[in-house]
Amino acid sequence: MNYNGAADTLACVASLLRQDYGPLDIVVVDNASSSSDFAVLQSGLPQGTLLLRSEHNLGYAGGMNVGARVGDLPRPEFVLFLNNDLLLADPRTTGALVSAAEGDARRVAVSPLVAAAGVELPVECQVQVRRVPDFWTLLVAGSWWLRRLPALRGRFLRFVYADHRPYRAGAVYECESINGSCFLLRMSFLEEIGFLDEGTFLYLEELVLGRQMLDRDRTAALTAAVHVVHSLGRATGHGGERIRLAMLKEMVRSEIYYCKKYLRSGSTAVWLLVLVRTLDIASKMAGRPLVVVARRCAGALR
């Protein structure tokens, strides 16, 4: 999926074409990019690539669903979802994901190791996937100060599978969610859940999908046989304090949606979440009055 990142998208597609598993039907969804960025895609994408354009930014799940619902191509057994700022450097990647998916009948989704560009930790030590959280785990894990408290640190570490790291090369790990930047999903399961839940715009899609799998007694896997490279955040950009605040607010919206729909959380729990996130956001917005941040954060409830 592309959003004002044509150069990254073209590089991603080129890496897909080098995969030794195939044939692959490649679909690029442009999520309301500028006309100039879309023109670069039109002229640069290789022949045979299907390019679709949405006139409105549908968010992560909405944009991905546009591509997954294409009716002009043969129905696939698996769909590979990719961020556009990601490279499949190893030509064995797609084949390894399919092999891992076929290793267990209950397994409906698989991710490779994802190497975050600029992170000094080796890929096998980086956070890859997460356990599906209850309310208290979500509250702690999303708070930079709560997860550092000694009494709560263990809850956060379990959430991010610290008990499995470092991942052993070549191993396949059963897990509760996927890495949203790169994952393979069975088409039959995607159809079963009515495609990706579009209730979130930018965050928590992995945990929502993980909850849907758990509720249906299905599982996911992480394969350490291959890894991909993710440049992290080019699609969202870094536009200063205003953009950062908007993204933090979007995170809160997604958490509220997850709590209400999938955890059946009541209003007291939701307001506690907003209070904790307000304190977190205020601490990141140096010099911004707390009351202003609180009002903007509480706006996520509307």
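The tour below visits a pocket, a cavity, a helix, some salt bridges and a surface patch.

Keep in mind that this is a predicted model, in which local features need pLDDT of at least 70 and side-chain atom pairs count only at pLDDT 80 or more, while totals for chains, interfaces and linings use all residues. Residues are numbered from 1 along each chain as its sequence is written, and side-chain values use heavy atoms, with hydrogens and water left out.

**Stop 1: the second largest pocket.** Select Asp 25, Ile 26, Phe 78, Val 79 and Leu 80, which lie nearest the centre of the second largest pocket, among the 37 residues that line it. On a 1 Å grid over the protein atoms alone, a pocket is an open set of points with protein on both sides within 12 Å along at least five of seven lines, a cavity is a set where a 1.4 Å probe fits but cannot get out, and lining residues have an atom within 4 Å of a point. The pocket holds about 880 Å³ of space, a volume being the space filled by probe spheres set on the points, which are joined across faces, edges and corners. Now colour strand β3 (78-82), which gives the largest share of this lining, five residues. Helices (H or I, at least four residues) and strands (E, at least two) are DSSP runs, numbered from the N terminus.

**Stop 2: the largest cavity and helix α8.** Select Leu 196, Asp 197, Glu 205, Glu 206 and Leu 209, the closest to the centre of the largest cavity among its 14 lining residues; the volume of this cavity is about 100 Å³. Which helix supplies the largest share of the lining? That helix is α8, with five residues. Select residues 205-215 to see α8 itself, where eight of the 11 residues are buried, so the helix is largely enclosed by the rest of the structure. Buried means under 20% relative accessible area, exposed over 50%, and partly exposed in between (1.4 Å probe, protein chains only).

**Stop 3: salt bridges.** Next, show the side chains of Arg 53 and Asp 30, which form a salt bridge whose closest N and O atoms are 2.5 Å apart; the term means a side-chain nitrogen of Lys or Arg within 4 Å of a carboxyl oxygen of Asp or Glu. Because Arg 53 lies in strand β2 and Asp 30 in strand β1, the pair ties together parts that are 23 residues apart in sequence. Is Asp 30 buried or exposed? Asp 30 counts as buried, at 0% relative accessibility, whereas Arg 53 is partly exposed at 31%.

Then move to Arg 277 and Glu 255, another salt bridge, with the closest N and O atoms 2.8 Å apart. Arg 277 lies in helix α10 and Glu 255 in helix α9, so this pair ties together parts that are 22 residues apart in sequence. Arg 277 counts as buried at 4% relative accessibility, and Glu 255 is buried too, at 2%.

**Stop 4: a surface patch.** Finally, select Trp 144, Trp 145, Leu 149, Leu 275 and Leu 279, which form a nonpolar patch on the surface with about 440 Å² of accessible area together. Such a patch is made of residues with over 30% relative accessible area and no salt bridge, the nonpolar side chains (Val, Leu, Ile, Met, Phe, Trp, Tyr) being joined within 5 Å, and accessible areas come from the Shrake-Rupley method with a 1.4 Å probe. Trp 144 lies in the loop between α5 and α6.

Technical notes
Patches are made of residues with over 30% relative accessible area and no salt bridge: like charges are joined within 9 Å, nonpolar side chains (Val, Leu, Ile, Met, Phe, Trp, Tyr) within 5 Å.
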